[in-house]
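Notebook entries follow on what I looked up in this structure.

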Amino acid sequence: MYQMTIAELAAGLKSGQFSSEELTQSYLQRIKQYDPELNSYITVLEEQALAQAKAADQRLASGTAGPLTGIPLAQKDIFCTNGVKTSCGSKMLDNFISPYDATVIEKFNAAGAVMLGKTNMDEFAMGSSNETSFYGAVKNPWNTKAVPGGSSGGSAAAVAARLAAAATGTDTGGSIRQPAALCGITGIKPTYGRVSRYGMIAFASSLDQAGTMTQTAEDSALMLQVMAGFDERDSTCLDKAVPDYTANLNDDIKGLKIGLPKEYFAEGLDSDLAKVVEAAIDEYKKLGAEVVEISLPNSALSVPAYYVVAPAECSSNLSRFDGVRFGHRCDDPQDLEDLYKRSRGEGFGSEVKRRIMIGTYALSAGYYDAYYLKAQKVRQLISDDFKQAFKDVDVIMAPTTPTVAFNIGEKADDPITMYLSDINTIAVNLAGLPGMSIPAGFSKEMPVGLQIIGNYFDEARLLNVAHQYQTVTDWHRRMPEQFA
Amino acid sequence: MEWETVIGLEIHTQLATNSKIFSGASTAYGAEANTQACAVDLGLPGVLPVLNREVVNMAIKFGLAIDAELTPVSVFARKNYFYPDLPKGYQISQYELPIVGLGKLEIELENGETKIIGVTRAHLEEDAGKSVHEGFTNMTGIDLNRAGTPLLEIVSEPDLRSAKEAVAYMKKMHSLVRYLEISDGNMQEGSFRCDANVSVRPKGQKEFGTRAELKNINSFRFVERAINFEVERQIDVIEGGGKVVQETRLYDANKDETRSMRSKEEAMDYRYFPDPDLLPVVITEKQIDDIRKTLPELPGAKRDRFMNDFKLSREDASLITSSREMADYFEVVNAKCQDAKLAANWVTGTLTGALNKDGKDLSDSPVSADMLAGMLLRLKDNTISGKIAKEIFEAMWQGEGDADTIIDKKGLKQITDTGAIESVLDEIIAANPKQVEELKSGKDKLMGFFVGQVMKQTGGKANPGQVNQLLRKKLDL
């Protein structure tokens, strides 16, 4: 059962082959068995999940079920879940029981999905390896010495090891696509504004976007269908009709124009990994796609621009964690300043502190123009590069990451090298575009991700392009033997 | 040396919306602590602000009323600082692109002249909560009911030259926001308060002196006292050979002094940047035109109309139009009694006096405009005298009914029957032969004595003019 996709599970539930309760029970069993090794969950919600499963079974019996009814999912611990600890991977929120549901969670609840638990993540989504979590590093199911990527590392590992049918992730600079690539699963970060951010704990508000982490593109379509749409509680969410994401999955892609940005195939790219990506692109040619080289000339500026904008926004977004109303408060504060200093000093980890300091500096009087304003201008240039490119091509493809998963501890003390592991994914966030990563093969026995970037609100096309590849390949069906 | 005072005011006025600027929580004043603070107001993790469009309409209305430039695309920014009553660690305000740009307001000076005061800008922002010290030991409570209440911060140019001018400006602005119905202007509840930037310079010098910012002044009286204190302090510092330092000072009304809160060096760096959670506020020509149509007649125009149409003095017209309620009240009285001067006298005199005495607002007046007009009609048709009118007003104020009812009930109808007055007069003449002689010999002042005696005997119900006439006839004067 655990090897099945959402689409297959939904069919099984509908035909009565198994119940949601049985299915949920089987995932909970697998979590018990395997997660002590992987550490992909922060919170497992056994009782609540089984109650949801029972309710889903009733709904299935009454014929009012949708495609996600009774499907056991894992939710990244960045989404507020009513009555359930929502830690965001931080000691700061270790004691925080959210009094409300994020819009995304509300939607999954309305769809009848089961929430198995909350997945591990880099603290406040700041990290590319899941090593910054207060709850400890997550391991990559393909090699437990390696990182799963981050920040949605727990979700990626859980889906890769089939400890959930699928999971949610959030992506600020690659936090869905990079771990999806490193763990050999499918992930989509939709266009900025496609999915409500309400109830999703903010890291960098102008970049954060929720998305899916699944086995297949078809599953991503099914999940995104539920997640996407206007929410009046999020002013940056677009009031734009949501297309049927499964309707065009089977369209052929003859004549599809694929752009390969030369900057993404340049230095720093592992040559063995490059071969895997090239083979995947050859597969697309066989499917009738046309491939052209393009240029995104300002690509090199994306990492520096990102590491001004994201920390600047985070420095402000994280000010609310002050020990006054919720979250960690130091023992016996002497006065207000002591309360702030020790509560924040104790509650935040070092990567979060580093970014708060960078961001505070970038926004300071006298530096604002040189850093924040300039970064915003660079951001515009990067968006313009993509706009220009999409005049000539339908989608852009590139390696999701420059290398396969690195080992735990390998880059932990070198923030710059760590930041560069997101070099291929960051520009997409700066431009607000949708981006996907799909399993494209293996290099050194570790998964390789192919990134597919689309034009604004072109998620349906991305899913179609990904699905077509998955009809002729089986990388996405492979799973690490250790967890089979 | 002769010194000149330079003042600029920053007025914070609470906008009269039902819900908060970025959440659906109620803005009603006086609720139990933290009962009107929703997840957004508490700054819970994950929540997002959504702009209440009504505040934009109110800001546009204000901008039109002060003839200001309206910013087609204005931007909300975050003002970052830590304080326990600031839940998010930043206040959402407007910084580089405020919704209302340069405008102006005419004020009236004591000498009757007018002066134009420039308004630099007005921007929208959210209020903070408040710290509560009462009832806590070694702790401070936080009440977030006020957090997220919409404010319009109105910043003047440094055009004001005295505490009196500052008060006149503040009063005019207060009257304006109430006319526009964008604020209740309630100063006790903090709906209308100001900070004053004050500096002094030798008369004739062009450059401004170093300024001090006086924080959070919440009454007209305090603004005058705080500025006067501060001006004296600054002059003393300079004349004593010292230098005024740029700083923020708090006015303490109990001690009637200002004292330093923080100096320029300690001034906070608010790290403003555009709030990524909110879209820029776009206002269209159509929106502006639609709002323009809803603008009420403004105080200046109303004052001029009252002077032209009703021939009121500038003083009376200004006083009556200083509040929209009073102007409306006056218009009702005047329309019914058709005597503007009489209506103006009663509204600005007896009525205002009674309101002040009981600490009541016009909206709570026991004597409605209709009631007052009804009484003035009886005064005009000589049913009652001015003196009786005062008595009737007092009875109406005490809730004894309208003027006609009181006149009937108390028998206050003026005696116009000549025979009745003559018989009273005869008695008085007989009883005061000495005074009669003196009057006859030319001591005209004694007319008043006789009229007074008649009024006394008739309980004020005689018409003094008529008594006067009858007396002259009887004594052949």
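I looked up strand pairing in chain B: strand 1 (residues 3–14) and strand 10 of chain B pair in the antiparallel sense over 11 bridges. Strands are DSSP runs of E, at least two residues long, and helices are runs of H or I, at least four, numbered from the N terminus; two strands pair if DSSP finds at least two bridges between them. The model is predicted, with local features needing pLDDT of at least 70 and side-chain atom pairs pLDDT 80 or more, while totals for chains, interfaces and linings use all residues. Residues are numbered from 1 along each chain as its sequence is written, chains are lettered from A in the order in which they are written, and side-chain values use heavy atoms, without hydrogens and water.

I noted B:Arg193 in strand 10 of chain B as the bridge partner of B:His12. Strand 10 of chain B also pairs in the antiparallel sense with strand 11 (residues 212–217) of chain B, over four bridges. There, B:Ala196 stands opposite B:Leu214. I checked burial (under 20% relative accessible area, 1.4 Å probe, protein chains only): in strand 10 (residues 192–202) of chain B, 10 of 11 residues are buried.

Next I turned to the interface. I find 31 residues of chain B in contact (heavy atoms within 4.5 Å) with 39 residues of chain A. B:Pro45, B:Phe82 and B:Arg271 lose the most area to chain A in chain B, together 24% of what that side buries (accessible area lost on being put together, 1.4 Å probe, summed over both parts).

I find one salt bridge across the interface of chain B and chain A (side-chain nitrogen of Lys or Arg within 4 Å of a carboxyl oxygen of Asp or Glu). A:Arg197 forms a salt bridge with B:Asp277, with the closest N and O atoms 3.0 Å apart.

Methods:
Buried < 20%, exposed > 50% of the residue type's maximum accessible area, 1.4 Å probe, protein only. Buried area = accessible area lost by both parts, 1.4 Å probe.
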